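Subject: Structure for your review

Dear colleague,

Please find the structure below, together with its sequence. A written account of the findings follows it.

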Amino acid sequence: GHFTELGGLEPTDRVLDIGCGIGRMAIPLSGYLDGGSYAGFDVGRAMIRWCRRNITSHHHEFEFEWAPIHNAKYNPFGNLSAAEFRFPYPDSSFDFAFATSLFTHLVRDEVGHYLAETARVLKPGGSCLLTFFLLTPRAEAEIAAGRAALSFTHPVAGGATTDPSQPEEAIAFALDEVRAMLEEAGLAIREPVHLGGWANEPNAASYQDIIVAHPA
């Protein structure tokens, strides 16, 4: 629903799943895309093998790639930095891209690079839907009062983490910082930003904060 209603996803779109995991978004998309296609990548090798065996075998237009990227939480044996990883797709390849619960586990330099890569692979007129934990004045007040679902109290570049010993456990960024990163990457926000329920936003559409953007 978020992809179609907020992001404008169409059944005929070529779709990129940035950090596809074990196919939790690919599986429902397999029943939605009609004339479109899907590509996803992830740092979890076993998850990619599962997706190929259980999804691609039934839906040949769904492709999965393993990315040997180091992540302290999800792939500690990776040998490549996320800040230097080039998405394995040509320029202007996708109508729609999304990253759900990904930028909540990457540090600032990695997020900036991934946003630039997202802009690179999107077609002119394409769009992307991205989820974050965003630090706004309201969210910071909820954290300070102990009412937020997560306590982002340890500073990191551009924001804060819940665990300074393993920042990738959960990272939040200041909304203004994310706006600046998107602009630097060549992406423009399709307003409004959809704030999430993790910081008790009234009438939140989802748990995490959602940003929809398009090539500027």
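Strand S1 (residues 14-18) is joined to S2 by five bridges, and the two strands run parallel. Strands here are DSSP runs of type E with at least two residues, helices are runs of H or I with at least four residues, and both are numbered from the N terminus. Two strands are taken to pair if DSSP finds at least two bridges between them. This is a predicted model, in which local features need pLDDT of at least 70 and side-chain atom pairs count only at pLDDT 80 or more, while totals for chains, interfaces and linings use all residues. Residues are numbered from 1 along each chain as its sequence is written, and side-chain values use heavy atoms, with hydrogens and water left out.

Strand S2 (residues 37-42) is mostly covered, with six of its six residues buried (buried means under 20% relative accessible area, exposed over 50%, and partly exposed in between, for a 1.4 Å probe and protein chains only). Ser37, Ala39 and Phe41 point one way from S2, Tyr38, Gly40 and Asp42 point the other way, and all are buried.

Glu63 lies in strand S3. Glu63 counts as partly exposed because its relative accessibility is 39%. Leaving aside residues up to four places away in sequence, Glu63 touches Arg14, Tyr38, Ala39, Gly40 and Thr56 (contact means heavy atoms within 4.5 Å). The C-alpha atoms of Glu63 and Phe41 are 8.5 Å apart, although 22 residues separate the two along the chain.

**Helix H6**

In helix H6 (residues 175-185), the buried residues are Leu175, Val178, Met181, Leu182 and Ala185. Seen down the axis of H6, these buried residues fall within an arc of 120°, so they line one face of the helix (the arc is that of the directions from the helix axis to the C-beta atoms). An α-helix has 3.6 residues a turn, so residues three or four places apart point the same way. Asp176, Glu183 and Glu184 are exposed on the other side of H6. The buried residues of H6 pack against several elements, among them helix H4 (108-121), strand S5 (122-132) and strand S11 (209-215). Gly186 follows H6 and has a positive phi, near 90°.

The buried residues of H5 are Ala139, Glu142 and Ile143. Seen down the axis of H5, they fall within an arc of 100°, so they line one face of the helix. Pro137 and Ala144 are exposed on the other side of H5. Glu142, in helix H5 (residues 137-144), is buried, with a relative accessible area of 8%. Glu142 touches Arg147, Ala148, Ala199 and Asn200, not counting residues up to four places away in sequence. Just after H5, Gly146 takes a positive phi of about 75°.

The buried residues of H5 pack against S6. S6 belongs to an open sheet of four strands in the order S6-S9-S8-S7, with mixed pairing. S6 and strand S7 (154-156) are the edge strands, each pairing on one side only. S6 and S9 pair in the parallel sense over two bridges, and Leu135 has Ala174 in S9 as its bridge partner.

**Aromatic rings**

The whole structure holds 17 aromatic pairs (rings of Phe, Tyr and Trp, the last by its six-membered ring, pair if their centres lie within 6.5 Å; planes under 30 degrees apart count as stacked, over 60 as edge-to-face and the rest as tilted). The rings of Phe133 and Tyr207 have centres 6.2 Å apart and planes at 90°, so the pair is edge-to-face. This pair links distant parts of the chain, 74 residues apart: Phe133 is in the loop between S5 and S6, and Tyr207 is in the loop between S10 and S11. Phe133 is buried, with a relative accessible area of 5%, whereas Tyr207 counts as partly exposed at 43% relative accessibility. Ring pairs also link Phe41, Phe85, Phe87, Tyr89, Phe94 and Tyr114 into a cluster.

Yours sincerely
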